[in-house]
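The exercises below are to be worked with the sequence and the coordinates at hand. Each task is followed by its solution in steps.

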Number of protein chains: 2
Amino acid sequence: MNATVAQRIVIIDDHPLLRKGLQQLAELSPDIEIIGEADSGPEGIAMVSELEPDLVLLDLNMPEMNGLEVLAQLKSGASTSRVVMLTVSNAEEDVVAALRSGADGYLLKDMKPTQLMQKLREVAEGRIALSPNVAECLARAMQAEGARDTASSTLDLTERECEILIHISEGESNKVIARTLSIAESTVKVHVKHLLKKLGLKTRVEAAVWAVTHKDQF
Amino acid sequence: MNATVAQRIVIIDDHPLLRKGLQQLAELSPDIEIIGEADSGPEGIAMVSELEPDLVLLDLNMPEMNGLEVLAQLKSGASTSRVVMLTVSNAEEDVVAALRSGADGYLLKDMKPTQLMQKLREVAEGRIALSPNVAECLARAMQAEGARDTASSTLDLTERECEILIHISEGESNKVIARTLSIAESTVKVHVKHLLKKLGLKTRVEAAVWAVTHKDQF
DNA sequence: CCACAGCTAATACTTTGGTAGTAGAGGCCA
DNA sequence: TGGCCTCTACTACCAAAGTATTAGCTGTGG
């Protein structure tokens, strides 16, 4: 293949210790060369646009700027670098979000060093690198998504309904909601009835629980 | 001081990369020697009882066996090793729990290597090592604790009340709860009234929200 | 201009929730 | 044994929630 030239890699990770570990590992692999390290998102983005590495290893959990944001910026910019997430989180949401945002791989930090190097070589060949667990995780996410599509799909609450749903989730009664919004209680009831129908629920208690567990997505 | 002999250290952490980083670091410090590595709690406990290191570096988030459990076992056993948590989490609860369980330090993995080494030397001198942020975190925890003592303090729901609270948080009506528990609706009402009083709430909606946000702690 | 969607409001009615007080059965502990 | 707690259950009453129907007022878009 194209193993004649070493892969040029940039690491974006706020953990110096982990960066040291990767460096040491790279020294043992002639086909892999670490040409830059950044310990924050913004710094990493700058470095990537300057060095144009073949591969970016990107941590998900960083202070200041989230890894997913960094990923989005890298992928929306002019860079042609491939980006592999290297993180401790194998939470479904993170995996799915990363891949949706165009990540070229998702590896967990608890991999064995030799496995990790192997995966990086696979990425160089154009493949998508996934830790073993992550594949399973993806499968579950797909299942969950399927279930969701059959059930809900209609999350088109009006502004007013959203507003009232929030008040419900704070334990307020129709009367109180009416007072704080300066409308009649009967009006609040109408909105409540509508939002219950739209969410496929039967009582405000279910609505409250739904609201707190699905916080941001409505 | 007693810097004539190198500190003998055991690392318990499931991240090989991080262990490599620490090793490399230790090679540069003549007064620190890593005599063992374990990538799981049980393995680590066995290793500590065998090697009797001066210091144990212990990760908090590990599969199989939680770092706090490992800490508890180490501290309850015959070992005289000092134990320092080395982790990514600076969540208040974790810090507080670790120190309560007898940890001799709490360091974050995003420390600079030189700082880390310095902290380890401090531990050797009998001091408690804390990452800068952690101290602030502790202060907040203490404040929160004070507030809690004045406000709640009475989380002594009976088994039945807990059970019913869970059903409420799943949106079930008193009637349904009664049927599934095979008791009268009037009895359910009694339990609901009691748990509302104990939690200082007014409606089942508030109770439902409280339950989902405080999930495990009741 | 008309149709449509969203917000408003009212009335009337049923169901559910929450409070208060009383009370019996069983377990636990001093 | 007597006191205390938990779980059970009832009655009666009032407040809150939810349903159904009707309807006026806006603004947007075909």
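Axes are lines fitted to C-alpha atoms, for helices over the stretch in contact, and angles between N-to-C directions run from 0 to 180 degrees. The model is predicted.

**Exercise 1. The sheet of chain A**

Task: Determine the strand order of the open sheet in chain A and state which strands stand at the edges.

Solution.
Step 1. The open sheet in chain A is built from six strands, and reading across it gives E2-E1-E3-E4-E5-E6 with parallel pairing.
Step 2. The edge positions belong to strand E2 (32–38) and strand E6 (129–130) of chain A; each has a single partner strand, so one side of each is left without a neighbour in the sheet.
Step 3. Helix H1 (residues 16–27) of chain A lies across strand E1 (7–12) and E2 of chain A, and its direction makes about 160° with E2(A).

**Exercise 2. Strand E5 of chain A**

Task: Find the bridge partners of E5(A) in E4(A), and say which way the residues of E5(A) point.

Solution.
Step 1. Four bridges join strand E4 (residues 82–87) and strand E5 (residues 105–108) of chain A in the parallel sense.
Step 2. Val84(A) has Gly105(A) as its bridge partner, and Met85(A) has Tyr106(A).
Step 3. E5(A) also pairs with E6(A), again in the parallel sense, over two bridges. There, Gly105(A) stands opposite Ala129(A).
Step 4. In a regular strand, side chains alternate between the two faces of the sheet.
Step 5. Gly105(A) and Leu107(A) point one way from E5(A), Tyr106(A) and Leu108(A) point the other way, and all are buried.

**Exercise 3. Asp39 of chain A**

Task: Is Asp39(A) buried, exposed or partly exposed?

Solution.
Step 1. Asp39(A) sits in the loop between E2 and helix H2 (41–51) of chain A.
Step 2. Burial requires 20 or more other C-beta atoms within 10 Å. Asp39(A) has 19 C-beta neighbours inside 10 Å and therefore counts as partly exposed.
Step 3. Leaving out residues up to four places away in sequence, Asp39(A) touches Asp13(A) and Asp14(A).
Step 4. Arg19(A) is 20 residues from Asp39(A) along the chain, and their C-alpha atoms are separated by 9.1 Å.

**Exercise 4. The two protein chains**

Task: Describe how chain B is related to chain A and what chain B brings to the contact.

Solution.
Step 1. Chain B is superposed on chain A by a rotation of 180° with 0.7 Å of shift along the axis, at an RMSD of 0.7 Å. The two copies are thus related as by a two-fold rotation axis.
Step 2. In chain B, the C-alpha of Gly21(B) is nearest the axis, 1.9 Å from it.
Step 3. The contact takes 27 residues from chain B and 26 residues from chain A. On the side of chain B, helix H1 (16–27), helix H7 (159–169) and helix H10 (204–213) each supply at least two residues. H1(B) has the largest share, eight residues.
Step 4. By class, this side of chain B has 12 nonpolar, eight polar and seven charged residues.
Step 5. Of the interface residues of chain B, 96% are also interface residues in chain A, so the copies meet through the same surface.

**Exercise 5. The surface near DNA strand C**

Task: Which residues are closest to DNA strand C, and which helix gives the most to the surface near it?

Solution.
Step 1. DNA strand C is surrounded by 20 residues, the closest being Thr158(A), Arg160(A), Ile183(A), Ala184(A) and Ser173(B).
Step 2. Helix H7 (159–169) and helix H9 (185–199) of chain A, with helix H8 (174–181) and helix H9 (185–199) of chain B, each supply at least two residues. H9(B) gives the most, five residues.
Step 3. The surface near DNA strand C divides into six nonpolar, seven polar and seven charged residues.

Methods: Residues numbered from 1 in each chain as written. Chains lettered and ligands numbered in written order. Predicted model: local features only at pLDDT ≥ 70, side-chain atom pairs only at ≥ 80, totals over all residues. Contact = placed C-beta atoms within 7 Å. Nonpolar A, V, L, I, M, F, W, Y, C, P; charged D, E, K, R; others polar. Pairing = 2+ DSSP bridges. Near = placed C-beta within 6 Å. Least-squares fit on C-alpha atoms with pLDDT ≥ 70 in both. Buried ≥ 20, exposed ≤ 12 C-beta atoms within 10 Å, placed from the backbone.
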